[in-house]
Amino acid sequence: MVENYIFDLYGTLIDIETDEESLPLWEKLADFYGGAGAFYEPEELKKRYRALVTEQEEALAQKSGVPREVVEIRLEEVFAALFEEKGARNYEALLAQVGPFFREASTHYIRLFPGTDELLRRLHEAGKGVFLLSNAQRIFTESEMRKLGIADSFDGILLSSDAGVKKPSSLFFSRLMEKYDIEKDTCVMVGNDCNADIGGAHVFGIPSIYIHTNQSTPLTQPLPEDCTQVECIGDVFP
């Protein structure tokens, strides 16, 4: 009997398209930083951002003992370092703005997949536990969930930027279990990513439900035997 449903967020409940490679994004961000006295050319800013992400991931992996491919840094620290490298002062108040600014400038659209609201409501009405386990940055995700009206739809939320680790690592799954005192044998993972969501759940030892959405990568291997595939989010809890 499944008592606890653990959901992925982006590509599963939220349909989103972003582009962090576009020149207009980095031009806007360079203007934002320039207004605070941190002057970058757009391509320079993009290059330093990428380099700092890599440096901080390597440092966190070394400190935590978690492989670099599954560590998750906090992008606030990258944005702060970009101010500091150019000698900007009194930028602390801007840190709360730069993340949402970056996200909005890089987002083409964001919306809930059809059926998301109804599914979460029906699960609660049935007395099920509803949890979120997402590879996501709080500085982006918190405001997006509020905007889409699902911020209060979960009994527990764990984001990778808070945990310092991401799917498919079993450590991320176990931290959710420990934080909210839930048992593995009562859970199912629901996601759209065959590796992070489905593969991660399989290795951790819980069954899963796979939804192939417009943000899923093509399946290159059979789904695990403990995985059920559905056509859309509304079919998770028929």
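Which residue forms a salt bridge with Arg68? The partner is Glu57, and the closest N and O atoms are 3.1 Å apart. A salt bridge is a side-chain nitrogen of Lys or Arg within 4 Å of a carboxyl oxygen of Asp or Glu. This is a predicted model, in which local features need pLDDT of at least 70 and side-chain atom pairs count only at pLDDT 80 or more, while totals for chains, interfaces and linings use all residues. Residues are numbered from 1 along each chain as its sequence is written, and side-chain values use heavy atoms, with hydrogens and water left out.

Stay with that pair. Glu57 lies in helix H2, and Arg68 sits in the loop between H2 and helix H3 (75-85), so the bridge ties together parts that are 11 residues apart in sequence. Helices (H or I, at least four residues) and strands (E, at least two) are DSSP runs, numbered from the N terminus. Glu57 is buried, with a relative accessible area of 13%. Arg68 is partly exposed, at 35%. Buried means under 20% relative accessible area, exposed means over 50%, and partly exposed lies in between (1.4 Å probe, protein chains only).

The structure holds 17 salt bridges. Another one joins Lys46 and Glu21, at 3.0 Å from N to O. This pair links distant parts of the chain, 25 residues apart. Lys46 is in helix H2 (residues 42-64), while Glu21 is in the loop between strand S2 (14-18) and helix H1 (23-35). Lys46 is buried, with a relative accessible area of 16%. Glu21 is partly exposed, at 48%.

Now look within one helix. Glu142 and Arg138 meet in a salt bridge, 3.0 Å from N to O. They are four residues apart in helix H6 (residues 138-148), so about one helical turn separates them. Glu142 is partly exposed, with a relative accessible area of 37%. Arg138 is partly exposed too, at 29%.

Next comes a pair of helices. The axes of H8 (residues 170-180) and H9 (residues 194-204) come within 9 Å and cross at roughly 75°. Axes are lines fitted to C-alpha atoms, for helices over the stretch in contact, and angles run from 0 to 180 degrees between N-to-C directions. H8 and H9 are therefore roughly perpendicular to each other. Angles of 65 to 115 degrees count as roughly perpendicular, those under 35 as roughly parallel, those over 145 as roughly antiparallel, and the rest as oblique.

Which residues make this contact? From H8 come Ser170, Phe173, Ser174 and Met177. From H9 come Ala196, Asp197, Gly200, Ala201, Val203 and Phe204. Contact means heavy atoms within 4.5 Å.

Asn192 is in the loop between strand S6 (187-191) and H9. Is Asn192 buried or exposed? At 5% relative accessibility, Asn192 counts as buried. Leaving aside neighbours within four places in sequence, Asn192 touches several residues, including Asp8, Tyr10, Asp197 and Tyr210.

Finally, the cysteines. A search of the whole structure finds zero disulfides. A disulfide is a pair of cysteine sulfur atoms within 2.5 Å. For Cys187, the nearest cysteine sulfur is that of Cys227, 15 Å away. Cys187 is buried, at 2% relative accessibility. For Cys232, the nearest cysteine sulfur is that of Cys227, 15 Å away. Cys232 is partly exposed, with a relative accessible area of 36%.
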